[in-house]
Amino acid sequence: MNDTTRLKYLRLTLQVIAFIFIFAVYPLTVIWPSGWAWHTGGSHYLTMIIGIYATLGVFLLIASRNPLDHRSLIWFTVWSSVVHGGIMAVQAIMNPEFIGHLYGDVLGLFLVAGVLVWLMPKK
C-alpha cells in the first residue's frame with residue numbers, strides 16, 4: 001500500500017475509532033458487561049474511563065483531518081492501548097471472573113493499536 005492510500009485509510013480509521021471512543025464505550029458496558037465493564041452497578045472508575053476515552057476520541061477526530069500533524073497523539077493512542085490492554089489481559093487471566101474481557105475491551109484495544117501501527121506512514 002502506498003503512503004497516499006495508507007493516509008486515506010488512516011484518516012477513516014481515526015474517525016471510526018474516535019466515534020467508538022466517544023459514543024460506543026458506554027453502550028458496550030451495558031450490552032456486554034462481562035467484556036467491557038470491570039465493576040457492576042454505579043462505578044466512579046467506569047465514569048472516569050468513559051470520560052478519558054471520549055476525550056481521546058474527540059482529539060482523534062481532530063487528528064483525522066491531518067494525521068501527519070498529530071503523529072504523537074496517534075502513537076500515544078497506540079502505546080496507551082497496548083499498555084492498558086496488557087494490564088487488563090493480565091488481570092483477566094489472574095481473575096477468571098474477568099476472562100470475558102480478553103474477548104472484549106482487551107482485544108478491542110489491541111486491535112486499535114495494531115491497525116493504527118499498520119496504517120501509520122512508514123516515513
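## Helix H5 and its neighbours

H4 and H5 are roughly antiparallel (an angle over 145 degrees) to each other, as the exercises below work out. The model is predicted: local features need pLDDT of at least 70, side-chain atom pairs count only at pLDDT 80 or more, and totals for chains, interfaces and linings use all residues. Residues are numbered from 1 along each chain as its sequence is written, and side-chain values use heavy atoms, without hydrogens and water.

**Exercise 1.** Find how H4 and H5 cross and what kinds of residue meet there.

*Solution.* Step 1: the two axes, lines fitted to C-alpha atoms over the stretch in contact, come within 8 Å and cross at roughly 150 degrees. Step 2: that angle, on a scale from 0 to 180 degrees between N-to-C directions, makes H4 and H5 roughly antiparallel. Step 3: the contact (heavy atoms within 4.5 Å) includes Trp75 and Met88 of H4 and Phe110 and Val117 of H5. Step 4: its residues divide into 13 nonpolar, five polar and one charged.

**Exercise 2.** Which residues of H5 are buried, and what covers them?

*Solution.* Step 1: H5 covers residues 105–119. Step 2: its buried residues (under 20% relative accessible area, 1.4 Å probe) are Asp105, Val106, Leu109, Val112, Ala113, Leu116 and Leu119. Step 3: their cover includes H1, H2, H3 and H4.

**Exercise 3.** Describe how H1 lies against H5.

*Solution.* Step 1: the axes of H1 and H5 come within 9 Å and cross at roughly 160 degrees. Step 2: this pair is therefore roughly antiparallel. Step 3: residues of H1 including Tyr9 and Phe21 meet residues of H5 including Val115 and Trp118.

Note on methods
Helices (H or I, at least four residues) and strands (E, at least two) are DSSP runs, numbered from the N terminus. The expected span of a helix is 1.5 Å times one less than its number of residues. Buried means under 20% relative accessible area, exposed over 50%, partly exposed in between (1.4 Å probe, protein chains only). Angles under 35 degrees count as roughly parallel, over 145 as roughly antiparallel, 65 to 115 as roughly perpendicular and the rest as oblique. Ala, Val, Leu, Ile, Met, Phe, Trp, Tyr, Cys and Pro count as nonpolar, Asp, Glu, Lys and Arg as charged, and the others, Gly among them, as polar.
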